[in-house]
Amino acid sequence: MRQEQFVARYQEEWQALERWLALRGSAGPRARRTPDPNLLNDEDIPQRYRRLCQQLALARKRGYSPQLVARLQQLMQQGHGLLYRTPPARWRRALEFLLADFPQLVRSQARSMWVATALFVLPLVGSFALIQWHPDVVHMLMDQGQIGSMEQMYDPDAPRLGRDSGTDWMMFGYYIMNNISIGLRTFASGLLAGVGTVFVLLYNGLTIGAVAGHLQHIGHGDPFWRFVCGHGSFELTAIVIAGGAGLQLGMKLLAPGRRRRIDALVEGGVIGAKLCLGVAFMLLVAAFIEAFWSSIAEVPAWGKYSVAGVLWALVFVWLWRGGRGSAHAH
């Protein structure tokens with residue numbers, strides 16, 4: 001085979017590999033697939049690299065031009081450097097996921113996230129406002145035992161905010177199990193064609209709004225707001241993200257597009273699983289804040305609200321700006 005025929009046959013392969021190497025070389029091994037439909041999948045690279053090595057051997061054996069051999073040699077060296085370099089430490093990969101990959105993934109599912117926000121926030125605000133005008137509505141959403149427990153937990157004279165007893169560490173463990181179970185249930189119920197997730201979001205929004213509205217109406221609002229304002233930034237946002245993950249899973253089931261339903265569902269499951277990792281982290285942080293900071297009654301309202309403002313700003317900036325400007329793309 002003449003050199004011109006050899007180049008014509010494999011030119012597109014080399015160019016595709018060059019594009020992949022250019023992306024990975026500048027962005028690092030954690031860079032994701034870009035929207036370019038011509039970009040190679042990471043899973044195809046080992047096979048493409050082996051083919052390149054064979055083509056380099058053929059070019060040398062057949063005595064092709066030094067320029068062609070040098071080009072293939074350079075491609076081979078770049079590929080070897082990326083494929084066989086030492087992977088980053090696990091803590092670094094985890095940090096990259098939390099700081100860049102997770103917020104990017106949340107933004108990539110913006111439509112589902114906004115729908116989840118509406119399904120959660122509108123019932124919350126609506127039930128809170130309704131109870132200010134019609135206090136008896138709370139009995140339609142909660143039984144008398146639950147209402148009495150809430151009133152006792154947020155009694156202005158209570159020594160601890162938001163709980164009757166238990167050490168900080170005991171409550172930390174309880175909050176972790178409770179919060180993460182809510183998050184996973186919100187996501188997993190998306191398998192019911194998204195209807196389960198819609199119900200969970202509506203129910204949690206109505207219940208939280210009812211609790212806040214009732215406590216505000218009877219004069220227990222101050223301890224309640226001082227308790228929830230800090231950890232709410234992570235906890236409530238995590239519930240919304242879990243809801244968005246469940247909704248996109250339900251949409252993959254209902255409207256798979258041109259793909260097979262099972263393939264679309266698997267894709268939605270992968271996206272949801274990654275989102276749930278970030279949600280679990282957020283709920284872990286929320287549980288820590290709730291156990292060791294939120295329950296302290298001695299901190300004045302201005303101190304609680306100042307810290308809460310910082311935490312809400314951090315969550316907002318993290319999800320809005322995290323990963324922007326990098327080559328991480330989904």
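Is Glu 290 buried or exposed, and what is its relative accessible area? In this predicted model, Glu 290 is buried, since its relative accessible area is 7%, and the residue is found in helix α11. When residues up to four places away in sequence are not counted, Glu 290 touches Arg 163, Tyr 175, Asn 179, Phe 227, His 231, Glu 235 and Ser 295.

The chain averages a pLDDT of 86, and 91% of the residues score at least 70. Among the elements of the chain, the lowest mean pLDDT, 81, belongs to α1, whereas the highest, 96, belongs to helix α5, which comprises residues 110–133. Over residues 27–35 the pLDDT stays under 50, and for this stretch the model has 28 contacts beyond four places in sequence.

Helix α5 can be described in some detail. The helix has 24 residues and reaches 34 Å from its first C-alpha to its last, which is close to the 34 Å expected at 1.5 Å a residue. Its buried residues are Ser 112, Met 113, Ala 116, Leu 119, Phe 120, Pro 123, Leu 124, Ser 127 and Ile 131. The elements that cover these buried residues include α4 (90–108), α6 (138–141), α9 (195–217), α10 (221–254) and α11 (261–294), and α11 is also the helix in which Glu 290 is found.

With neighbours within four places in sequence left aside, Ser 112 is in contact with Gly 244, Leu 247 and Gln 248. Gly 244 has its place in helix α10 and is buried, with a relative accessible area of 0%. Under the exclusion of neighbours within four places in sequence, Gly 244 is in contact with Ser 112, Met 113 and Ala 116, each of which is listed among the buried residues of α5. The C-alpha atoms of Gly 244 and Ala 116 are separated by 5.2 Å, although the two residues are 128 residues apart along the chain.

A further serine, Ser 306, is found in helix α12, which spans residues 301–321. Ser 306 is described as partly exposed because its relative accessible area is 42%, a value that lies between the cut-offs of 20% for buried and 50% for exposed. The C-alpha atom of Ser 306 is separated by 9.6 Å from that of Cys 229, and these residues are 77 residues apart along the chain.

By class, the lining of the largest cavity has 3 nonpolar, 1 polar and 2 charged residues.

Definitions and conventions:
Residues numbered from 1 in each chain as written. Predicted model: local features only at pLDDT ≥ 70, side-chain atom pairs only at ≥ 80, totals over all residues. Heavy atoms only, no water. Nonpolar A, V, L, I, M, F, W, Y, C, P; charged D, E, K, R; others polar. pLDDT = per-residue confidence, 0-100. Helix = DSSP H or I, 4+ residues; strand = E, 2+ residues; numbered from the N terminus. Contact = heavy atoms within 4.5 Å. Expected span 1.5 Å × (residues − 1). Buried < 20%, exposed > 50% of the residue type's maximum accessible area, 1.4 Å probe, protein only.
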